[in-house]
Amino acid sequence: MSKLIVSLSPHAHGTDSVERNMYGVIIALVPALLVSFFYFGIGSAVVCASSVAACVFFEWAITKYMLKKEPSITDGSAILTGLLLGMNLPSNLPVWIIIIGALVAIGIGKLTFGGLGCNPFNPALIGRCFLLVSFPVQMTSWPVAGQVTNYVDAATGATPLSIMKAAIKSGDATLLEQLPDSMALLLGNPGLNNGAGSLGEVCALALLLGLAFMLWKKIITWHIPVSILVTVFVFSGLLHISNPVYASPVAELLSGGLMLGAIFMATDYVTSPMTHKGQLIYGIAIGALTVIIRKWGAYPEGMSFAILIMNAFTPLINTYIKPKRFGEVVKEGKK
């Protein structure tokens, strides 16, 4: 009798493959990358190129010389990790710090657990959170979008999320008037102060175009990103109604790394639940945790932490939310 052998996730069906899906996500990131190049100039190119190059190098070197395996850098996963890490960083971050983040992302976040398909946590977020804890000053000095003239001496400013956090701490709702308007956060606003932030925060529309592409190509399903965005909108909307010191739900959706996290990070095949019901629970929990951390946590942003927390719960969700087994016999008395 021949055995049916099922490999570790991510699983590909039909004409799909890991390479196709990885490069599909990379293509979906192109609009956001182009926008970041426009607003942050050479800084965006330096950060992204350094992150990708370092991730690919560490994937090759660790796999070949430490794990003694054949490197598989052509599958696109290391490139994607580098891009996602870069999109979560300031455009003036020193290259040596980026290299450390890439080493942590690939070496600790991915290869320590056995490589692609075995890592319980999103590698790019592991690298990003490590840098945030280790280099808090450099990681929270955000160049102002549209006002960057060079890589080293970029003018920094307050992010929309830091303005929201200041309003909550002071109880002064008038501080929210400093926020860029919703249209600027959605489309970007060349020539004007569009706020400060990481490379992937300045234009929500570019990220939504990436979401539309991935849904069209069936690289991901709608369950995780939509459940996250709806949860954040409803939760923050209730808070805004109860007290105007909390920002409007539209501003919450369009600010910070919410769109980037919901569309490109939380939907990672390996670290998210396998069933649609599990993905909805996962997304709702991420959305709720993000709002809780944003409003009452120490950091203005909570998306990265929320995703990593729910990555840890993914095996539990997969265990208790399972599809019915093919050919399973229903016990008498149960429908």
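**Surface, salt bridges and cavities**

Modeller: The protein chain has an accessible surface of about 15800 Å², and 68% of that belongs to carbon and sulfur atoms. Accessible areas come from the Shrake-Rupley method with a 1.4 Å probe, and for residues only the protein chains shown count as cover. This is a predicted model, in which local features need pLDDT of at least 70 and side-chain atom pairs count only at pLDDT 80 or more, while totals for chains, interfaces and linings use all residues. Residues are numbered from 1 along each chain as its sequence is written, and side-chain values use heavy atoms, with hydrogens and water left out.

Colleague: What share of the residues counts as buried?

Modeller: Of the 335 residues in the protein chain, 51% count as buried. Buried means under 20% relative accessible area, exposed means over 50%, and partly exposed lies in between (1.4 Å probe, protein chains only).

Colleague: And how many helices and strands are there?

Modeller: The protein chain has 15 helices and 0 strands. Helices (H or I, at least four residues) and strands (E, at least two) are DSSP runs, numbered from the N terminus.

Colleague: Moving to charges, how many salt bridges are there?

Modeller: The count comes to 4 salt bridges, each being a side-chain nitrogen of Lys or Arg within 4 Å of a carboxyl oxygen of Asp or Glu. One of them pairs Glu-59 with Lys-110, with the closest N and O atoms 3.0 Å apart. Glu-59 is in helix α3 (residues 42-66) and Lys-110 in the loop between α5 (95-108) and α6 (123-134), so this pair links distant parts of the chain, 51 residues apart.

Colleague: Are Glu-59 and Lys-110 buried or exposed?

Modeller: Both Glu-59 and Lys-110 are buried.

Colleague: Which residues form salt bridges with Glu-252?

Modeller: Glu-252 forms a salt bridge with Arg-294, where the closest N and O atoms are 2.8 Å apart. Since Glu-252 lies in helix α12 (residues 249-254) and Arg-294 in helix α14 (residues 276-296), the pair ties together parts that are 42 residues apart in sequence. Glu-252 also forms a salt bridge with Lys-295, the closest N and O atoms being 2.0 Å apart. Lys-295 lies in helix α14 too, so that pair ties together parts 43 residues apart in sequence. Salt bridges that share partners join Glu-252, Arg-294, Lys-295 and Glu-301 into one network.

Colleague: Why does Glu-252 count as buried?

Modeller: Glu-252 counts as buried because its relative accessibility is 2%. Arg-294, at 4%, counts as buried, and Lys-295 does so at 5%.

Colleague: Which residues are closest to the centre of the largest cavity?

Modeller: Of its 19 lining residues, the closest to the centre are Met-22, Leu-80, Leu-84, Asn-122 and Asp-268. The largest share of the lining, 4 residues, comes from α4.

Note on methods: On a 1 Å grid over the protein atoms alone, a cavity is a set of points where a 1.4 Å probe fits but cannot get out, and a pocket is an open set with protein on both sides within 12 Å along at least five of seven lines; lining residues have an atom within 4 Å of a point.
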